[in-house]
There are 2 protein chains.
Amino acid sequence: MSSELEWIERIRRRAGLPRAGGVVVGIGDDCAIFRPRGAGEDLLFTTDMLIEDVHFHKNTHRATDVGWKALARGLSDIAAMGGTPRFFLVSLAVARWAGTRWVDGFYRGALRLARRAGLPLAGGDVARSEKLGCDVVVCGSLPRGTALRRSGARPGDAIYVSGRLGGSALGLRLGRGPAWQRHLRPEPRLALGRFLRERLGASAALDLSDGLSLDLRRLCLASKQSAAIEAPPLYPGATLDQALHGGEDYELLFTVPARKRAPAKFAGISLTRIGAIEKGPPGRVLLDGAPLAALGYDHFRL
Amino acid sequence: MSSELEWIERIRRRAGLPRAGGVVVGIGDDCAIFRPRGAGEDLLFTTDMLIEDVHFHKNTHRATDVGWKALARGLSDIAAMGGTPRFFLVSLAVARWAGTRWVDGFYRGALRLARRAGLPLAGGDVARSEKLGCDVVVCGSLPRGTALRRSGARPGDAIYVSGRLGGSALGLRLGRGPAWQRHLRPEPRLALGRFLRERLGASAALDLSDGLSLDLRRLCLASKQSAAIEAPPLYPGATLDQALHGGEDYELLFTVPARKRAPAKFAGISLTRIGAIEKGPPGRVLLDGAPLAALGYDHFRL
């Protein structure tokens with residue numbers, strides 16, 4: 001198989017549709033949604049791996065940075081659905097080179113972000129392994145039936161992004177400076193996600209983890225629509241390519257019905273209209289009128 | 001650090017006690033317990049890794065077996081608390097050697113057990129990696145406040161095990177036959193766990209994942225008691241050492257108040273009284289009157 005989308009689609013088909021028993025949304029959105037019996041809230045679940053020499057290198061990423069980012073990725077998924085984080089679980093596969101000090105640093109980094117976002121570490125697993133790897137599960141919640149989905153975009157909806165894009169890819173290339181910090185310590189847009197759901201009435205959202213070109217394609221596929229955009233706002237020093245395909249910006253991509261209008265800023269973060277949803281082949285994205293290839297980060301591209 | 005218990009204790013101290021917000025039980029039991037707002041049920045969460053060349057080898061373990069076992073381990077934790085499984089998440093780090101066929105087999109194995117246990121696959125993550133590894137999260141549920149805990153054992157309680165022990169360790173040594181099958185495809189004791197909670201009124205329970213000697217020590221530490229046992233029932237062909245320290249039997253270890261009596265069998269599985277809880281130094285286990293070292297499987301033993 002040649003792409004992560006295909007792998008996930010294959011797994012989704014095999015898993016079948018979620019049946020009765022509380023799972024409202026299964027594979028294919030930022031989070032799975034579970035509805036506990038009798039509760040007024042839906043629970044969101046997301047899980048993300050961070051693996052040595054795939055997502056980070058021990059010589060360039062400090063333990064605290066790896067811990068922070070491991071949790072930040074899941075929190076960003078919770079933010080994309082407009083949820084409030086409730087708890088997280090950490091599975092840590094500890095390589096021989098990682099001693100007590102490294103492991104302490106890892107948890108310190110994750111727990112610093114956890115305190116800021118207000119969620120406790122509720123459990124996990126530890127094991128030995130050749131390479132270091134971790135898998136973080138985050139549970140979030142929101143009022144029943146209110147989750148922001150990828151699938152809600154309709155023709156005419158305006159397409160927005162938060163912040164400026166390409167900073168993480170730029171930082172990865174430079175290995176220093178503010179862009180590198182942005183790569184190491186993304187800030188999940190939790191307050192913005194709640195604002196989009198509660199106040200603005202966004203129609204769809206997801207977080208920019210794998211690059212605008214790939215993530216917007218995912219939103220369009222889920223919503224069965226096309227999109228026409230212009231260049232997104234660039235992180236200072238970043239190229240258009242980095243902004244379109246770079247990934248790991250962890251900003252939010254969202255759509256807003258035509259009759260509503262997003263403010264220019266929310267809590268200091270710019271919100272920029274970059275285009276509109278259009279009727280057309282599901283998943284097609286046009287940039288300045290020309291087809292945009294989905295070149296964002298894909299583990300399984302051949 | 002020299003043991004997994006020490007690592008977990010260290011992480012637990014750093015994480016702090018779970019505060020308000022729904023987490024009723026954090027690190028230190030088979031599952032974390034989360035209480036959704038307004039719900040009549042508590043939710044159980046457990047996460048377990050299965051890593052190439054640590055927990056399995058690609059030349060001896062088929063993909064379907066790895067998938068089955070990856071889920072079985074989590075289901076066994078749910079069983080130990082008396083819960084009903086509700087959904088699971090799979091994070092899969094795919095090594096280069098593992099193609100579409102292997103990945104298909106992995107999910108087929110996990111989903112076969114999932115269908116039998118009645119829970120859907122709700123989501124997960126996929127990534128590339130050098131070695132194959134997976135992390136499975138299982139969510140279970142039970143009526144509010146009724147979870148079987150490790151900490152509930154009191155002096156005078158009888159100590160029981162289900163089934164016969166040492167089969168998995170024997171199978172690992174032989175690499176064939178029924179004991180090997182038992183190693184590859186453990187059967188989580190879900191119905192038994194619910195029986196212990198709903199009908200028998202067991203005072204404490206956990207699943208035998210790392211060996212009786214280590215797991216009974218954990219139960220005694222959590223309950224702040226000692227235990228005195230005799231030899232457990234042996235799997236045909238297994239040694240006493242394999243039964244005491246072998247691990248991965250995934251039977252249930254549980255305690256029952258003196259006034260109650262467990263049946264000799266439940267659904268074809270023998271329930272055997274192997275001793276009693278006693279007042280004494282927390283965590284001490286005596287076998288036929290002599291101290292029993294906790295030699296069960298420990299990733300972090302030096």
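A polar contact is a pair of N or O atoms within 3.5 Å; within protein, one of the two must be able to donate a hydrogen and the other to accept it, and residues adjacent in sequence count only if both atoms are side-chain atoms. By that rule, 10 residue pairs are in polar contact across the interface of chain B and chain A, both residues being at pLDDT 80 or more.

Before going on, a word about the model. It is predicted, so local features need pLDDT of at least 70 and side-chain atom pairs count only at pLDDT 80 or more, while totals for chains, interfaces and linings use all residues. Residues are numbered from 1 along each chain as its sequence is written, chains are lettered from A and ligands numbered from 1 in the order in which they are written, and side-chain values use heavy atoms, with hydrogens and water left out.

Let us start with how the two chains are arranged. Chain B can be laid on chain A with an RMSD of 0.0 Å by a turn of 180° and a shift of 0.0 Å along the axis, with copies superposed by least squares on the C-alpha atoms of residues with pLDDT of at least 70 in both. That is the relation of a two-fold axis. If you look for this axis, Ala39(B) is the residue of chain B that comes closest to it, at 2.1 Å for its C-alpha.

Now look at where the chains touch. Contact (heavy atoms within 4.5 Å) takes in 63 residues from chain B and 63 residues from chain A. Of the interface residues of chain B, 100% are also interface residues in chain A, so the copies meet through the same surface. Together the chains bury about 5,600 Å², 65% of it on carbon and sulfur atoms; buried area is the accessible area (1.4 Å probe) that two parts lose on being put together, summed over both. On the side of chain B, Arg14(B), Met49(B) and Arg128(B) lose the most area to chain A, together 11% of what that side buries.

Charged pairs also join the chains. Side chains of opposite charge can pair when their charged atoms come close. A salt bridge here is a side-chain nitrogen of Lys or Arg within 4 Å of a carboxyl oxygen of Asp or Glu, and 4 of them link chain B and chain A. One pairs Lys131(B) with Glu130(A), their closest N and O atoms being 3.4 Å apart. In another, the side chains of Glu41(B) and Arg37(A) meet at 3.1 Å, N to O. This pair runs from strand S3 of chain B to the loop between strand S2 (32–34) and strand S3 (41–51) of chain A, where strands (E, at least two residues) and helices (H or I, at least four) are DSSP runs numbered from the N terminus.

Finally, turn to chain A by itself. An automatic or database domain assignment gives domain 1 (4–143) and domain 2 (150–291). Their C-alpha centres lie 22 Å apart, and their contact takes 30 residues from domain 1 and 23 residues from domain 2. These domains bury about 2,300 Å² between them, 50% of it on carbon and sulfur atoms. The count between the two domains is 6 salt bridges; Asp65(A) forms a salt bridge with Arg185(A), the closest N and O atoms being 2.8 Å apart.
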